[in-house]
Amino acid sequence: MLKIIKNKLEQGCKTSAYPKQPIALYERFRGRPEINRSCAGELVRQCAEACPQDAIDAVSGRIDLGRCTFCGLCEFLSKGEFVRFSQDFSLGAARREDLITDGTYADLAAHAKQHFKKLFGRSLQLRQVSAAGCNSCEADTNVLNTPFFDLSRFGIDFVASPRHADGIHVTGPISRNMKAALLTTYEAVPSPKVVIASGCCSISGGPFHGSDEIIGDLNSLLPVDLYIPGCPPHPLTTLDALLKFFK
Ligand code: SF4
Ligand code: SF4
């Protein structure tokens with residue numbers, strides 16, 4: 001017992017002070033893109049052609065964060081002339097159109113549904129559904145339960161049964177095989193319920209976009225309330241989106 005207490009005292013508190021204090025991410029993290037709107041059209045076209053996700057509109061220079069995997073190719077090709085990825089991990093959006101950006105971003109908190117804040121602001125239970133994800137989105141969601149992030153201190157938990165949940169958190173491109181299971185899980189959640197699309201796979205199909213084996217766009221099956229882009233979304237991106245939308 002004494003050993004345990006000594007160990008605890010030596011280790012101290014490992015939980016992050018975020019969101020009360022800012023948190024620094026590693027240098028190579030790619031967050032919100034800063035887009036140069038006066039970039040030469042030819043350079044934008046080259047980046048659009050090279051983008052493996054067809055996420056860049058060659059004419060307007062807008063980037064669809066619901067498709068982008070944050071691979072960094074456009075920043076590399078344009079040497080930062082067209083786009084630079086910032087360290088800002090705040091990427092969540094309440095509307096699909098807000099993910100298509102020219103470098104300006106809508107305020108997620110301002111578009112959050114007030115009745116959800118009222119209902120789930122103090123306690124939110126989510127059922128995670130991996131609809132054919134590659135396991136990275138799932139692993140980075142799981143990280144939120146570690147002592148560093150300690151998600152449950154915000155009253156947010158992942159639960160085993162959809163009947164105990166207030167909504168579903170969906171990852172993966174929704175393979176045809178997973179469609180029925182996803183819809184059954186959604187039906188089992190009592191109303192009112194929330195639907196969260198996490199990762200570019202569940203928003204647009206991600207790297208599997210165009211495959212006949214997937215549904216791709218969760219919004220075509222269920223009404224999505226919150227979009228969390230990334231491939232996978234950083235745990236802080238998920239935490240930030242959940243806090244802004246529900247708190
Ligand atoms: S970072 Fe996004 S927009 Fe840029 S090339 Fe990669 S997928 Fe396309
Ligand atoms: S969004 Fe990326 S990390 Fe997440 S399931 Fe799809 S491929 Fe994997």
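The model is predicted: local features need pLDDT of at least 70, side-chain atom pairs count only at pLDDT 80 or more, and totals for chains, interfaces and linings use all residues. Residues are numbered from 1 along each chain as its sequence is written, while chains are lettered from A and ligands numbered from 1 in the order in which they are written. Helices (H or I, at least four residues) and strands (E, at least two) are DSSP runs, numbered from the N terminus.

**Ligand shells**

- Ligand 1 has 13 residues around it, and Cys51, Cys68, Cys71, Leu73 and Cys74 come nearest. A residue belongs near a molecule or strand if its C-beta atom, placed from the backbone, lies within 6 Å of it.
- The shell of ligand 1 holds ten nonpolar, three polar and no charged residues. Here Ala, Val, Leu, Ile, Met, Phe, Trp, Tyr, Cys and Pro count as nonpolar, Asp, Glu, Lys and Arg as charged, and the others, Gly among them, as polar.
- Around ligand 2 there are 13 residues, of which Cys134, Cys137, Gly199, Cys201 and Cys231 come nearest. Two or more residues of this shell come from each of helix H6 (136-142) and helix H8 (200-204).
- For ligand 2 the classes are seven nonpolar, six polar and no charged residues.

**Sheet**

- Five strands form an open sheet in the order E6-E5-E7-E8-E9, with parallel pairing. Its edge strands are E6 and E9, each pairing on one side only.
- From one strand to the next, the twist averages 25 degrees.
- Two strands count as paired if DSSP finds at least two bridges between them. Strand E7 (residues 167-171) and E8 pair in the parallel sense over five bridges, and Val170 has Ala197 in E8 as its bridge partner.
- Helix H9 lies across E5, E6, E8 and E9, and runs at about 160 degrees to E9. Axes are lines fitted to C-alpha atoms, for helices over the stretch in contact, and angles run from 0 to 180 degrees between N-to-C directions.

**Nonpolar core**

- The largest nonpolar core has 55 residues, and Ile168, Val170, Ile196, Leu226, Tyr227 and Phe245 touch the most other members. Helix H9 (residues 235-246) gives the most to this core, with six residues.
- Such a core is a set of buried Ala, Val, Leu, Ile, Met, Phe, Trp, Tyr and Cys residues joined through C-beta atoms within 7 Å.
- Leaving out residues up to four places away in sequence, Ile196 touches Gly167, Ile168, His169, Val170, Asp225, Leu226 and Ile228. Contact requires C-beta atoms, placed from the backbone, within 7 Å.

**Backbone details**

- A cis peptide bond joins Ser191 to Pro192, with omega near -5 degrees; Pro192 is in the loop between helix H7 (176-188) and strand E8 (194-198).
- The bond from Cys231 to Pro232 is cis, with omega near -5 degrees, and Pro232 is in the loop between strand E9 (226-228) and H9.
- Asn135, in the loop between strand E5 (124-130) and H6, has a positive phi near 95 degrees without being glycine. Asn135 is exposed because 12 other C-beta atoms lie within 10 Å.
- Asp150, in the loop between H6 and strand E6 (156-158), has a positive phi of about 45 degrees and is not a glycine. With 14 other C-beta atoms within 10 Å, Asp150 is partly exposed.
- A residue is buried if 20 or more other C-beta atoms lie within 10 Å of its own, exposed if 12 or fewer, and partly exposed in between, with C-beta atoms placed from the backbone.

Technical notes. Contact = placed C-beta atoms within 7 Å.
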